[in-house]
Amino acid sequence: MLLRAITVLLALSAPIAAEEVVAGLSRDRISITTNFDGSDILIFGAVKREAEIPEAPLQVIVTVAGPSEPVVVRKKDRRFGIWINVEGVEVDRAPTYYAVATSAPWNEVLTETEDLRHRVSVSRAIRSVGAPGDVSNPERFTEALIRIREEDDLYQTNIGTVEFNQSTLFNTSIRLPANLTEGNYTTRFFLTRNGRVIASDETVIFVDKVGLERFLFDLSRQQPLIYGLMSLAIAIAAGWGASAFFRYLRG
């Protein structure tokens, strides 16, 4: 009885958050099929308050991060007339997909300290601890990884794309490209004021392969020899079919 009373008193004495974020998604599961060409996710939410709106403007940041994995980034150079790998750095963990959207310019929504703490920006979402001693300027390898994945639409920074109405309701849309990696995509929501995070929340988008995509994926992992032979047979059949078709056209 005494323990229960102490628990209630502690709960009553705990500070109540003045502002909280309540958010949702238009869909929380993405199925990758043979004709999957990407998907747009509508993200929406509201700010729940226990007090009046402070004078300082409130901002919103939304991030979507795919599964993280180690990545080896290599630099190529021309030697003796051919291009070869001359240096390489292993990035400890990098999200296979990462998108960040804000309600205002970056310098208005988040300070550098808060970015370092919460790992919000694309560069902070990548974890690269160290590099071989013989590699000069290892930061350029991380920059190269970001540049390559931005070109593939896998890394996105969408400044000012979050619509925020009367500091209460917000919404945005984030594009998930066709070349997604299967796994859980963590979606985070941040409320910031004066560049500092005052509230946050998160949910998950599930991305998985179904149908023929699932069959081929499982076959490549569980029976790689059969998968390889089947791929070779399909390639030979396709080549023979194309050759026969063109011979027919010429005849």
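**Close-up views of a predicted model**

**View 1. The largest pocket and its lining.** The largest pocket has a volume of about 210 Å³. The structure shown in this and the following views is a predicted model. The pocket is lined by 13 residues, and those nearest its centre are Ala-65, Ser-68, Pro-95, Arg-119 and Ala-125. At least two lining residues come from each of strand E4 (58-65), strand E6 (82-95), helix H4 (122-125) and strand E11 (183-193).

View 2. In the whole model, 4 salt bridges are counted. One of them joins Glu-19 to Arg-193, with 2.6 Å between the closest N and O atoms. This pair links distant parts of the chain, for Glu-19 belongs to strand E1 and Arg-193 to strand E11, 174 residues apart. Glu-19 and Arg-193 are both buried.

View 3. Glu-112 and Arg-124 meet through their side chains in a salt bridge, at an N to O distance of 2.4 Å. Here too the pair links distant parts of the chain: Glu-112 lies in helix H3 (residues 112-118) and Arg-124 in helix H4, 12 residues apart. Glu-112 counts as exposed because its relative accessibility is 51%, and exposed means over 50%. Arg-124 has a relative accessibility of 26% and therefore counts as partly exposed.

View 4. Glu-114 and Arg-117 form a salt bridge in which the closest N and O atoms are 3.7 Å apart. Both residues lie in helix H3, where a separation of 3 residues corresponds to about one turn of the helix. Glu-114 is buried, since its relative accessible area is 5%, and buried means under 20%. Arg-117, by contrast, counts as exposed, with a relative accessibility of 59%.

**View 5. Strand E3 and its two pairing partners.** Strand E3 (residues 39-49) pairs with strand E1 (residues 19-25) in the antiparallel sense, over 7 bridges. Within this pairing, Glu-20 has Lys-48 of E3 as its bridge partner. E3 also pairs with strand E10 (residues 169-176), again in the antiparallel sense, over 8 bridges. In that pairing, the bridge partner of Asp-40 is Arg-175 of E10. In a regular strand, side chains alternate between the two faces of the sheet.

View 6. Pro-177 is placed in the loop between E10 and E11. With a relative accessibility of 7%, Pro-177 counts as buried, because the limit for buried is under 20%. Pro-177 and Gly-38 are 139 residues apart along the chain, yet their C-alpha atoms are separated by 4.3 Å. Leaving aside residues up to four places away in sequence, Pro-177 touches Phe-36, Gly-38, Tyr-97, Asp-153, Leu-154 and Gln-156.

**View 7. The protein chain as context for the close-ups.** The secondary structure of the chain comprises 7 helices and 12 strands. Of its 251 residues, 33% count as buried. Among contacts between residues at least 6 apart in sequence, 70% join residues at least 24 apart.

Terms used:
Residues numbered from 1 in each chain as written. Predicted model: local features only at pLDDT ≥ 70, side-chain atom pairs only at ≥ 80, totals over all residues. Heavy atoms only, no water. Pairing = 2+ DSSP bridges. Helix = DSSP H or I, 4+ residues; strand = E, 2+ residues; numbered from the N terminus. 1 Å grid on protein atoms, 1.4 Å probe; cavity = no way out; pocket = protein on both sides within 12 Å on 5 of 7 lines; lining within 4 Å. Points joined across faces, edges and corners; volume = space filled by probe spheres on them. Buried < 20%, exposed > 50% of the residue type's maximum accessible area, 1.4 Å probe, protein only. Contact = heavy atoms within 4.5 Å.
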